Amino acid sequence: MKNAFFVTACIACGKSTFIKIANSLGFKSVSADKIAHEILDENALELVQIFSQFGLKNLLTKENKIDRKVLGELIFNNKEAKKILENFTHPKIRAKILEQMQILDKENKAFFVEIPLFFESGAYENLGKVIVIYTPKELSIQRIMQRDKLNFKEALMRLEAQMDIEKKVKKADFVIKNTLSYESFRQECVKLIQNISKAKM
């Protein structure tokens, strides 16, 4: 799709911040995480049955939605459970993302698709250009520990569940570094978004 720009990175690199900046400049976006959360909640009761084999309790919140923290702890520590979840959710997530992308592409204006596991999934190749938000591994670990209240080992485990950021950078069409202040990062984001917008005109 000629108007699609995928935004990816590793955990705590600044993908969501980039999307907020793009939205504030009037650009539309699609969020794989938001769609994934919707899919989990829409299929909550079925997922409770599926994961009952792992002895998982308290998977639902009081609102009958999936407790993502409980589910996350299971899949980060159990490869079989992770595979089951991916096989159940990924086709549904991809279908919704493509549906939204097709609608936005018709507007003939650049739009952004936030997909954390863009390269890992291999499901969206050749559908648009790829922007990687770069933060060195050590800084990502610090941010994960601070943001999610995790220890070093837990943060490292989550980071290593994804493709190494250095490999992602080599595959990117565009790279934005997020290593300094928010203002510095914002300026880099605005500059790239404006350049993309001008190129589309």
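The model is predicted, so local features need pLDDT of at least 70, side-chain atom pairs count only at pLDDT 80 or more, and totals for chains, interfaces and linings use all residues. Residues are numbered from 1 along each chain as its sequence is written, and side-chain values use heavy atoms, with hydrogens and water left out.

## Pockets

A pocket is an open set of points on a 1 Å grid over the protein atoms alone, with protein on both sides within 12 Å along at least five of seven lines. Lining residues have an atom within 4 Å of a point. Grid points are joined across faces, edges and corners, and a volume is the space filled by probe spheres set on the points.

The largest pocket has a volume of about 1,800 Å³. Its lining holds 50 residues, and those closest to the centre are Ile11, Asp33, Phe76, Pro116 and Gln162. At least two residues each come from α1 (15-24), α2 (32-42), α4 (68-77), α5 (79-105), α6 (118-121), α7 (137-148), α8 (152-160) and α10 (182-200). Helix α4 gives the most, with eight residues. Helices (H or I, at least four residues) and strands (E, at least two) are DSSP runs, numbered from the N terminus.

By class, the lining of the largest pocket has 22 nonpolar, 12 polar and 16 charged residues. Here Ala, Val, Leu, Ile, Met, Phe, Trp, Tyr, Cys and Pro count as nonpolar, Asp, Glu, Lys and Arg as charged, and the others, Gly among them, as polar.

The second largest pocket holds about 170 Å³ of space. Its lining includes Ser16, Ile19, Lys20 and Asn23, along with Ser29, Val30 and Ser31. Glu38 and Glu114 are also among the lining residues. Helix α1, strand β2 (29-31) and helix α2 each supply at least two residues. The largest share, four residues, comes from α1. The class count for this lining is three nonpolar, five polar and four charged.

## Cavity

A cavity is a set of grid points where a 1.4 Å probe fits but cannot get out. The whole structure has one cavity of 30 Å³ or more. The largest cavity contains about 40 Å³ of space. Lys28, Leu104, Glu107, Lys109, Ala110 and Phe111 line it. That lining divides into three nonpolar, no polar and three charged residues.

## Salt bridges

Side chains of opposite charge can pair when their charged atoms come close. A salt bridge is a side-chain nitrogen of Lys or Arg within 4 Å of a carboxyl oxygen of Asp or Glu. A search of the whole structure finds eight. The table gives three of them.

| Pair | N to O distance |
|---|---|
| Lys96 and Glu42 | 3.1 Å |
| Lys137 and Glu160 | 3.4 Å |
| Lys191 and Glu188 | 3.6 Å |

Lys96 pairs with Glu42. This pair links distant parts of the chain, 54 residues apart, with Lys96 in α5 and Glu42 in α2. Lys96 is partly exposed at 24% relative accessibility, while Glu42 is exposed at 53%. Exposed means over 50% relative accessible area, buried under 20%, and partly exposed in between (1.4 Å probe, protein chains only). Glu38, Glu42 and Lys96 are linked in a network of salt bridges.

Lys137 pairs with Glu160. This pair also joins distant parts of the chain: Lys137 is in α7, Glu160 in α8, 23 residues apart. Lys137 is partly exposed at 31%, and Glu160 is partly exposed at 49%.

Lys191 pairs with Glu188. Both lie in α10, and because they are three residues apart, about one helical turn separates them. Lys191 is partly exposed at 45%, and Glu188 is partly exposed at 36%.

## A buried lysine

Lys15 lies in helix α1. Lys15 is buried yet has no salt bridge. The nearest side chain of opposite charge, Glu114, is 5.2 Å away. For this, Lys and Arg count as positive and Asp and Glu as negative; His and the chain ends are not counted. Not counting residues up to four places away in sequence, Lys15 touches Val7, Thr8, Ala9, Cys10, Glu114, Pro116 and Ile133. Contact means heavy atoms within 4.5 Å.

## Positive phi

Ala12 has phi near 60°, a positive value in a residue other than glycine. Ala12 sits in the loop between β1 (4-8) and α1, and is buried at 13% relative accessibility. Lys149 has a positive phi too, near 55°. Lys149 is in the loop between α7 and α8, and is exposed at 70%.
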